[in-house]
Amino acid sequence: MELSTPIGPLGVVVTRLGVLAVGLDGLSAAERAAGTLTGLRPGDLPGPVARVREEFGAYFAGRLRAFRLPIDWRLSSGYAREVRQTLYATVGYGETISYGELARRVTDAEADGEFGAARAVGRAMATNPVPVIVPCHRVLAADGSLHGFGGGLEMKRRLLALEGAVPDTLF
């Protein structure tokens with residue numbers, strides 16, 4: 001499904017398990033991400049689709065501070081999944097965290113030192129299949145500046161401003 005939002009069209013792919021993919025530039029992006037899984041078939045899921053529409057609508061209207069939608073985590077694995085689940089569970093609406101601090105919250109056997117761990121977190125954020133719900137827009141550089149976002153820095157600013165994490169005068 002494609003949603004019209006204040007930050008542009010978002011594509012969302014929903015399975016029986018939950019939200020599988022969110023495309024920051026529309027449905028085709030979400031479908032490309034979902035296409036990496038084999039065995040998915042289009043189907044009718046009116047209940048979950050209605051819930052996705054309702055929650056995204058409430059979020060963009062400023063009435064929802066935490067998504068309650070189930071997430072289908074099958075597009076995440078290993079360290080990236082651990083990072084995304086830690087972000088989802090520990091960084092709330094209107095809060096931000098640095099890449100390094102998020103790395104410290106996650107056990108990282110792969111990265112080499114704090115800089116390497118922060119870079120590994122950056123890679124996990126760059127490939128996040130469910131942005132907005134798993135709020136990679138809340139992850140900032142160590143100096144508090146905006147750094148990297150699949151939808152572009154302007155979209156990241158707008159999401160953070162919506163949540164009150166940065167002043168909307170930055171636009």
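This is a predicted model: local features need pLDDT of at least 70, side-chain atom pairs count only at pLDDT 80 or more; totals for chains, interfaces and linings use all residues.

1. Residues are numbered from 1 along each chain as its sequence is written, and side-chain values use heavy atoms, with hydrogens and water left out.

2. The sheet is open and antiparallel, with three strands in the order β1-β2-β3. At its edges are β1 (2-5) and β3 (18-23), each pairing on one side only. On average, neighbouring strands are turned by 30 degrees against each other, direction ignored. Strands here are DSSP E runs of at least two residues, and helices are H or I runs of at least four, numbered from the N terminus; two strands pair if DSSP finds at least two bridges between them.

3. Between β1 and β2 (residues 8-15) there are four bridges. Thr 5 stands opposite Gly 8 in β2.

4. Helix α2 (residues 46-60) lies across β1, β2 and β3, at about 145 degrees to β2. Axes are lines fitted to C-alpha atoms, for helices over the stretch in contact, with angles from 0 to 180 degrees between N-to-C directions.

5. Which residue touches both Val 52 and Phe 56? Val 12 does, and its other contacts (heavy atoms within 4.5 Å) include Met 1, Leu 3 and Leu 27, not counting residues up to four places away in sequence.
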